[in-house]
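Welcome, and thanks for taking a look at this one with us. Please have the sequence and the coordinates open as you read.

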There are 2 protein chains.
Amino acid sequence: MVLLVRGPAQSREKWQLPWRSLRPDETLDDEAAKLARKTLDTTPALIEQIRAFGDGRRHPSGSELSVAFLALVDGDTGAGFEGDATWFATDDLPSLPPRQRGMLEAVLTSLRMRLDHGPIAFHLLPPTFTLTQLQEIYELLLGRRLHKASFRRSLHAAWLVEPTDEWRSEGRGRPAQLFRYAPKKRRGGRRGVRFGN
Amino acid sequence: MVLLVRGPAQSREKWQLPWRSLRPDETLDDEAAKLARKTLDTTPALIEQIRAFGDGRRHPSGSELSVAFLALVDGDTGAGFEGDATWFATDDLPSLPPRQRGMLEAVLTSLRMRLDHGPIAFHLLPPTFTLTQLQEIYELLLGRRLHKASFRRSLHAAWLVEPTDEWRSEGRGRPAQLFRYAPKKRRGGRRGVRFGN
DNA sequence: GAAATAGTGTCTCTTAGACACTATTTC
DNA sequence: GAAATAGTGTCTAAGAGACACTATTTC
């Protein structure tokens with residue numbers, strides 16, 4: 001889901017991405033972190049820059065250049081924004097200013113591509129977690145179902161997690177073993193060339 | 001190779017990435033295209049934004065924010081910059097201003113990741129080309145050797161090229177068939193999850 | 001014929017996904 | 001025992017890489 005805030009009353013588009021003007025002598029990453037903390041009232045699990053946007057369509061603030069950031073938080077986080085802020089499902093979004101629509105698309109695409117290349121999902125989990133929890137995070141972020149056995153084999157091959165000796169019983173059904181994130185070493189991962197269409 | 005230009009005489013670092021200040025009411029992409037045309041004296045085969053850089057280290061011009069672009073040209077392009085401009089091998093670069101060193105790293109990494117996801121290499125080739133030419137482009141951009149038979153099988157499976165009925169004899173050895181870029185359709189390319197370390 | 005380059009056939013190994021199974025819990 | 005969830009064994013298909021081969025040219 002995506003957190004949007006209310007724009008000024010007179011604007012045509014009611015909702016906007018949370019934003020903040022870059023102040024002199026501040027770094028981009030610091031400003032993004034401040035914006036996230038102020039909007040979410042907590043520190044996100046992950047903040048990453050996506051890219052800059054500077055096409056004809058201007059930002060609502062009148063700024064010519066926008067730099068989009070992705071911030072991930074887990075599902076229980078409430079918004080602490082002074083004013084209205086609401087979570088929207090990514091497939092049921094209200095109308096956005098034109099540039100922001102493009103920014104959001106780019107953020108989601110980029111998130112899914114980066115999932116393959118870094119341990120992003122682990123930031124959203126507590127220190128120990130079940131493999132079903134981990135798989136659910138991946139399915140949420142990718143927006144599609146994954147194959148259980150295959151998911152676990154890949155995970156095992158990548159040496160990213162190690163089992164603890166704890167088990168968690170979650171109501172009915174067999175208890176699940178808890179794992180922790182413990183990346184071992186680099187695979188010699190040289191893939192052949194994929195021609196992406 | 002990377003095209004660098006001479007910085008001002010009094011600066012500690014002799015060489016810099018080509019740059020240009022963003023003018024009011026110009027789009028980022030347009031400004032990047034203008035810079036490329038002015039620096040290279042030709043239109044690049046491809047221009048793509050990588051991301052913005054706004055850390056503590058400032059750009060030599062004093063600008064707080066830099067947006068890095070990648071522009072690709074083929075090997076025969078000369079530099080038309082007013083002033084000195086020289087091509088450097090990516091593994092033998094002179095000293096650069098600190099932020100620009102990071103920008104260049106990010107551009108190269110991003111290029112290699114994007115190679116899998118779009119037909120970037122074809123922009124660097126003439127309308128018809130041999131498969132050996134195509135493979136050499138990929139090897140240059142990836143910085144490693146590829147397996148011939150495997151490369152061709154992947155290419156065939158992706159339906160990206162079609163043979164023409166022309167053959168080109170390049171000195172000694174068997175003539176090579178010419179191909180053209182003719183993407184057919186989308187593969188249903190859903191890969192499983194790769195855990196990239 | 002030798003050297004050089006283009007292109008292919010076959011084998012092995014890895015891995016994603018399907019399917020079906022076993023294991024352990026609550027009700 | 002039924003239902004629910006965790007976890008695994010085996011098969012198949014696709015694809016990457018190794019290896020060796022054939023094909024066609026120039027010298």
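What follows is a short briefing, grouped by topic.

This is a predicted model, in which local features need pLDDT of at least 70, side-chain atom pairs count only at pLDDT 80 or more, and totals for chains, interfaces and linings use all residues. Residues are numbered from 1 along each chain as its sequence is written, chains are lettered from A and ligands numbered from 1 in the order in which they are written, and side-chain values use heavy atoms, with hydrogens and water left out.

**Confidence and fold of chain A**

- Four helices and eight strands make up the elements of chain A; helices (H or I, at least four residues) and strands (E, at least two) are DSSP runs, numbered from the N terminus.
- Starting at the N terminus, the order in chain A is β-β-α-β-β-β-α-β-α-α-β-β.
- Among these elements, β3(A) has the highest mean pLDDT, at 96, while strand β5 (residues 85-88) of chain A has the lowest, at 88.
- Along the principal axes, the C-alpha atoms of chain A fill a box of roughly 55 × 45 × 35 Å.
- Of the 197 residues of chain A, 39% count as buried, where buried means under 20% relative accessible area, exposed over 50% and partly exposed in between (1.4 Å probe, protein chains only).
- Taking contacts (heavy atoms within 4.5 Å) in chain A between residues at least 6 apart in sequence, 55% join residues at least 24 apart.

**Where chain A meets chain B**

- Each side is listed by residue count: 44 residues from chain A and 44 residues from chain B take part in the contact.
- About 3900 Å² is buried between the two chains, with carbon and sulfur atoms giving 53% of that area; buried area is the accessible area (1.4 Å probe) that two parts lose on being put together, summed over both.
- Six residue pairs are in polar contact between chain A and chain B (both at pLDDT 80 or more); such a contact is a pair of N or O atoms within 3.5 Å, and within protein one must be able to donate a hydrogen and the other to accept it, while residues adjacent in sequence count only if both atoms are side-chain atoms.
- On the side of chain A that touches chain B, the elements giving two or more residues are β3 (46-53), α2 (98-115), α3 (131-142) and α4 (148-158) of chain A.
- β3(A) gives the most to that side, with five residues.

**Salt bridges**

- The whole structure holds 14 salt bridges over all chains, each being a side-chain nitrogen of Lys or Arg within 4 Å of a carboxyl oxygen of Asp or Glu.
- Between chain A and chain B the count is zero salt bridges.
- E31(A) pairs with R20(A) in a salt bridge whose closest N and O atoms are 3.3 Å apart.
- E31(A) counts as buried because its relative accessibility is 5%, whereas R20(A) is partly exposed at 23%.
- E139(A) and R145(A) also form a salt bridge (3.3 Å, N to O); E139(A) is buried at 14% relative accessibility and R145(A) is exposed at 67%.

**A buried glutamine**

- Q100(A) sits in helix α2 of chain A and counts as buried because its relative accessibility is 2%.
- Leaving aside neighbours within four places in sequence, Q100(A) is in contact with Q16(A), L17(A), H59(A) and P60(A).

Conventions. pLDDT is the predictor's confidence in each residue, from 0 to 100.
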